Amino acid sequence: MKRFFILSILLSLFIAYLFSQDLENFDEINEDTTLIVSISVEHPGMSTGVVTDVEIMPFRRVQWEMGMQYDYINGEHSIILPTTAVRIGVSNFAEVSVQYDGTLFFNNTPAKTICNYQVQPITLATKLRVYDGWRWVPSMTFMACLAIPSTPELAKSMYVTPSIYLLCQNDITKWMHISYDLGAEWNGYDAMPTTFWALSLGFNLTENFCIFAENYNYFTRNINNSKTGVSVNVDLGFNWLVHPRVDIGLYATMNCLNPTSQTSIAFGAAWLIN
């Protein structure tokens, strides 16, 4: 798997180079484009890292997003590097995207620490605007994802994995909004989906800086077990529009039921290419 890790790093460096060239050649962006960028991003944080925003990419707009995430779970350490996605607006009410993740696992042994890079499934997704919202009726967007095994090893052990979500958002004031998402996720190994529910509060401290606090939960029921597993999580983070085309974000999350067993820290960036 070393070649996948090396290719991921090279791809990230190449896109970063293109990004730097774009900033050097950037002259001005019209008012409409500025409004587009603030802020429709789905990099780490805000629920699952993919399900984040009711906003749809505008027609013919292309946005590249990437990030990295450190996870500590039950004494095991891992880094998602990179998590990268490309989003394309295909109409005034729909977008499509493709996402790739690679995870670097650290296995501690008495003699040494062994690093293992694992390629994750490639995720294809679409978002469809359902309703623009009116007064207390929330804006609503439907999202569907399909995770496809990206290596022969994954294809042998898992199926094509769907997930569906309904994303809702109310703007309480000009500087505060509340988001709530409901979804179902399949793991690719059995027929029972995991139910997903999230509630998020966002606060726009300035036109370019937003902080958020979020609670997101998973309810899992195994096909061979009548008991339901519950995961309750809380995260805090921010999004900062550092340039009319560029947004960065940082967040930290914790498992509320067992805070010492699972924590994560993630950084992400989004670049509006055109």
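These notes cover aromatic ring pairs and a nonpolar surface patch in a predicted model.

1. Basis. The model is predicted: local features need pLDDT of at least 70, side-chain atom pairs count only at pLDDT 80 or more, and totals for chains, interfaces and linings use all residues. Residues are numbered from 1 along each chain as its sequence is written, and side-chain values use heavy atoms, without hydrogens and water.

2. Ring pairs. The whole structure holds six aromatic pairs (Phe, Tyr or Trp rings, the six-membered one for Trp, with centres within 6.5 Å; planes under 30 degrees apart are stacked, over 60 edge-to-face, the rest tilted). Trp64 and Trp271 are edge-to-face, because their centres lie 6.5 Å apart and their planes meet at 85°. Trp64 sits in strand 1 (residues 62-73) and Trp271 in strand 13 (residues 262-272), 207 residues apart. Strands are DSSP runs (E, at least two residues), numbered from the N terminus. Both Trp64 and Trp271 are buried (under 20% relative accessible area; exposed is over 50%, partly exposed in between; 1.4 Å probe, protein chains only).

3. Phe196 is in strand 9 (residues 194-204) and Tyr218 in strand 10 (residues 209-221), so the pair ties together parts 22 residues apart in sequence. Phe196 and Tyr218 are buried.

4. Surface patch. Val98, Ile122, Leu124, Leu146, Ile148 and Val160 make a nonpolar patch of about 400 Å² (residues with over 30% relative accessible area and no salt bridge, nonpolar side chains joined within 5 Å; a salt bridge puts a Lys or Arg side-chain nitrogen within 4 Å of an Asp or Glu carboxyl oxygen; areas by Shrake-Rupley, 1.4 Å probe). Strand 5 (122-131) and strand 6 (139-148) each supply at least two patch residues. Val98 belongs to strand 3 (residues 94-108). Val98 counts as partly exposed because its relative accessibility is 35%.

Methods: Patch = residues over 30% accessible without salt bridge, like charges linked within 9 Å, V, L, I, M, F, W, Y side chains within 5 Å. Helix = DSSP H or I, 4+ residues; strand = E, 2+ residues; numbered from the N terminus.
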